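This report is for a reader who is meeting the structure for the first time. It takes a few parts of the chain in turn and describes each one.

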Amino acid sequence: MRNHSVVSEFVLLGLSADPQIQVLLFVLFFVIYILTLMGNLILLLVIRVDSQLHIPMYFFLGQLSFLDLCHSSVTVPKLLENLLSEKKTISVEGCMAQVFFVFATGGTESCLLAVMAYDRYVAITSPLLYGQVMNRQLCMGLVGSSWGLAFLDALINILVAINLDFCEAQNIHHFSCELPSLYPLSCSDVSASFTALLCSSLLHFFGNFLLILFSYVHILFTILSISSTKSRSKAFSTCSSHLTVVIFFYGSGLLRYLMPNSGSIQELIFSLQYSVVTPMLNPLIYSLKNKEVKAAVRRMLKRCF
């Protein structure tokens, strides 16, 4: 019987080989990570303690904040460690674990953004039935299904990927482990894993994107049919934050996975966008663009000080 994997570890080449630039990048990404933790934890706390935010829209937003904490924590700590260490290695098992959790958290965020689009669809197209339709049981079921489907998707992909053999090449031209980055290093047939990744991407990510698009087409027609300019503006403002997050997440994510794997600077930028920068921006987007969240933050600050 042949060895399952001759190579025991990979080298994450990261973003730069210059030690001085690595120090600057460490400071930059450390600040981003701290801001990500603080912003999402504060948003979670505000939603938790302010009774006026105990509605489905903010329940889903709280789930998104928790997910952003998880998603950024999968890649950023290892990125920070490698920026300061000379030996920028990760074990094959650790790499596969990172692939799994990147896929699981990214997939859950994709589902959750579709759920949030449906929530806005119901709120704007059927405002009188909103409380009845978006009841607590349905909200819990939608969030649970998002996590369940994403972890099942990640499990299927990783079970296929662990059969890959890595014999000689060790260098990953990236700052984290992602399936497309591992294919060039494999000395075995990657067609099964590539097919699983392609099918799951089409069904999972593009499927969710189509659901979001369908929801917003109906939302747009409903908003355009409102005669009052003030009501139309208010309806649109409730969607603007979510739409901005969708553009950031899907724009960078789709461009990353549609690009040929080459370790190019554009590829690294798109990966940084959806795995490092977007989790930091999401609470800022919802805080700056949402009047109810800003009011809740002010109320919490007044109680504290």
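## Helix α1 and its buried residues

The residues of α1 that are buried are Gln22, Leu25, Phe29, Ile32, Tyr33, Thr36, Asn40, Leu43, Val46 and Ile47. The model is a predicted one. Helix α1 counts 31 residues, and the distance from its first C-alpha to its last is 45 Å, close to the 45 Å expected at 1.5 Å a residue. At the N-terminal end, α1 is capped by Asp18, which has a side-chain oxygen 2.9 Å from the backbone nitrogen of Gln20.

Ile32 belongs to this helix, which spans residues 19-49. Ile32 counts as buried because its relative accessibility is 11%, and the cut-off for buried is under 20%. Apart from neighbours within four places in sequence, Ile32 is in contact with Val276 and Met280. Ile212, by contrast, is 180 residues from Ile32 in sequence, and their C-alpha atoms are 28 Å apart in space.

## Spans listed in the record

The unreviewed UniProt entry lists residues 20-46, 58-76, 96-118, 138-162, 205-227, 239-259 and 271-288 under "transmembrane region".

| Span | Helix | Strand | Distance between end C-alpha atoms |
|---|---|---|---|
| Residues 58-76 | 100% helix | 0% strand | 26 Å |
| Residues 138-162 | 96% helix | 0% strand | 36 Å |

## The three-stranded sheet

Three strands form an open sheet in the order β2-β1-β3, and their pairing is mixed. The edges are held by β2 (89-91) and β3 (171-172); each has a single partner strand, so one side of each has no neighbour in the sheet. Strands of a sheet pair through backbone hydrogen bonds, in either a parallel or an antiparallel sense.

Strand β1, residues 9-12, pairs with β2 in the antiparallel sense over three bridges. In this pairing Phe10 stands opposite Ile90, and Val11 stands opposite Thr89. With β3, strand β1 pairs in the parallel sense over two bridges. Leu12 has Ile172 of β3 as its bridge partner.

In a regular strand, side chains alternate between the two faces of the sheet. Which residues of β1 are on its covered face, and which on its uncovered one? Phe10 and Leu12 make up the covered face, while Glu9 and Val11 make up the uncovered one. Helix α3 (residues 92-125) lies across β1, β2 and β3 and runs at about 85 degrees to β2.

His174 is located in the loop between β3 and α6 (179-182). Its relative accessibility is 0%, so His174 counts as buried. The side chain of His174 reaches the backbone nitrogen of Ser176 at 3.3 Å.

Asn157 is part of helix α5, residues 136-161. Asn157 counts as buried because its relative accessibility is 2%. A polar atom of the Asn157 side chain lies 3.3 Å from the backbone nitrogen of Leu197. Leaving out residues up to four places away in sequence, Asn157 touches Phe103, Leu179, Ser193, Ala196, Leu197 and Ser200.

How values were computed
Residues numbered from 1 in each chain as written. Predicted model: local features only at pLDDT ≥ 70, side-chain atom pairs only at ≥ 80, totals over all residues. Heavy atoms only, no water. Helix = DSSP H or I, 4+ residues; strand = E, 2+ residues; numbered from the N terminus. Buried < 20%, exposed > 50% of the residue type's maximum accessible area, 1.4 Å probe, protein only. Contact = heavy atoms within 4.5 Å. UniProt positions renumbered as here; feature names shortened; annotations may be inferred. Pairing = 2+ DSSP bridges. Axes fitted to C-alpha atoms, helices over the stretch in contact; angles between N-to-C directions. Expected span 1.5 Å × (residues − 1). Polar contact = N/O pair within 3.5 Å; in protein donor to acceptor, adjacent residues only side chain to side chain.
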